[in-house]
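Trainee: Could you show me how to read a model like this one, feature by feature?

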Amino acid sequence: MTHAVPNRNWSYPTAIKFGVGRVAELGEHVRAAGLKRPLLVTDKALASLPITAAALDVMDAAGLGRAVFSEVDPNPNEINMAAGIAVYKAGGHDGVICFGGGSALDLGKMIALMADQTVSVWDLEDIDDWYTRADASVIAPIIAVPTTAGTGSEVGRAGVLTNSQTHRKKIIFHPKLLPVVTICDPALTVGMPKFITAGTGMDALAHCLEAYCSPFYHPMSQGIALEGMRLVFENLAVVYADPGNLDARAHMMSAAAMGAVAFQKGLGAIHSLSHPVGAVYGTHHGTTNAVVMPMVLEFNRFEIQDKIARAAAYLGFDGGYAGFHDQIMELRAVLDIPATLSAMGVQFADLDRLTDMALEDPSCGGNPVLMTRANTRALFDACM
Ligand SMILES: NC(=O)c1ccc[n+]([C@@H]2O[C@H](COP(=O)([O-])OP(=O)(O)OC[C@H]3O[C@@H](n4cnc5c(N)ncnc54)[C@H](O)[C@@H]3O)[C@@H](O)[C@H]2O)c1
Ligand SMILES: [Fe+2]
């Protein structure tokens, strides 16, 4: 069967095998990467789905066994990581196939990173050159197979791990967390629950939007972010209404990867608010981003309105900044995203604590407007 979006092999920022049906090539790419006993890491819900059984069948047929670890929670933590490392070591594995959404991809990355380290994972947070504390020579190869189109973790050099003690979400970084091969098969995303399709797609948009607005100089990321936004605006509502549309699914998968490439330019207040809310309440990351997105746009308005007007022109929206803001509100409504954080269960009594946590989040550094205790607390109020 042919599709309007062709199957392609890309080599940026890593080897990407892109196209419908390409999960069938998993065995050959795993073997080419030199792995003989990979561990497939996925999450509890995915473990029982036919797409996972089919991937294990492909591994098996290639003589790679069908070892799987799936004790992975949404917003995974160090307890999931320790359990995964125990299984990895007991099975004598030599690499990780990360199969799933951002939660499974990131936890699989953490297993590959930490199985043979002596440092604590929290010492490898994405701060300055902390990653040099890790012994790079013992990091296992990572193969990524995303089943959502949002986080872009499949082309990123980081993983997000929640500290179950402190309820802090930490970005763990190492250059060797970039998968050696990524298989982007849009057909794998067709079975996502509707609200996950919506939330993950809005995460991709948040990455592109925040990267585009961040004040740092990175024209390459700027261009990628702009085209990524176009793909989301033109395809997210389509896949929400018509989940089996494989061309629109393919464009969303591209947008997700583009967002993650772009956000090395910086993120901003959407992510610094969303990380503590996700860590404390266990809300879905991308959905939380979507809730706060229009309020953050308004918060940054006077720093970004010229830039956003330029984006609006490219995207074909009338009305400059205001027209762009209207489009975000409309997309949020079409996708049935909650209008406020209160509607997601966030309590007023927690806002001081959430404000402190937001200000500690490294994403703050990329926000166009300097985030202070007063204005961040007011922003949380606006989101309620
Ligand atoms: N590494 C990064 O750069 C990065 C960037 C953004 C977000 N994140 C992190 O990623 C996590 C969120 O990832 P996510 O949004 O992909 O959600 P997720 O991985 O938590 O998955 C959400 C739910 O969808 C289900 N699911 C996934 N794919 C499915 C499919 N094809 N069919 C049926 N069900 C499916 C999962 O089982 C799960 O229940 C958060 O922890 C977030 O902090 C990481
Ligand atoms: Fe994100």
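**Reading a helix, a ligand and a metal site**

Mentor: Let us start with His29, which is found in helix α1 (residues 26-32), where a helix is a DSSP run of H or I of at least four residues, a strand is a run of E of at least two, and both are numbered from the N terminus. This is a predicted model, in which local features need pLDDT of at least 70 and side-chain atom pairs count only at pLDDT 80 or more, while totals for chains, interfaces and linings use all residues. Residues are numbered from 1 along each chain as its sequence is written, chains are lettered from A and ligands numbered from 1 in the order in which they are written, and side-chain values use heavy atoms, with hydrogens and water left out.

Trainee: Is His29 buried or exposed?

Mentor: Buried means under 20% relative accessible area, exposed over 50%, and partly exposed in between (1.4 Å probe, protein chains only). His29 has a relative accessible area of 11%, so this residue is buried.

Trainee: Which side chain is joined to His29 by a polar contact?

Mentor: A polar contact is a pair of N or O atoms within 3.5 Å; within protein, one must be able to donate a hydrogen and the other to accept it, and residues adjacent in sequence count only if both atoms are side-chain atoms. Here the side chain of Glu25 makes such a contact with that of His29, at 2.8 Å.

Trainee: Which side chains have an N or O atom beside ligand 1?

Mentor: Among them is Ser103, with a side-chain N or O atom 2.6 Å from an oxygen atom of ligand 1, and Asp106, with one 3.0 Å from a nitrogen atom of the ligand. A polar side-chain atom of Thr147 also lies 2.8 Å from a nitrogen atom of ligand 1.

Trainee: Which residues coordinate the iron ion (ligand 2)?

Mentor: Donors are N, O and S atoms within 2.8 Å of the metal (3.2 Å for Na, K and Ca), and water is not among the atoms, so sites may look incomplete. The iron ion is coordinated by Asp203 (OD), His207 (NE2), His271 (NE2) and His285 (NE2), at 2.1 to 2.2 Å. Asp203 and His207 both lie in helix α6, four residues apart, about one turn of the helix. Asp203 counts as buried, because its relative accessibility is 3%, and His207 counts as buried at 3% as well.

Trainee: In sequence, how are the donor residues of the iron ion spaced?

Mentor: Their spacing is D-x3-H-x63-H-x13-H.
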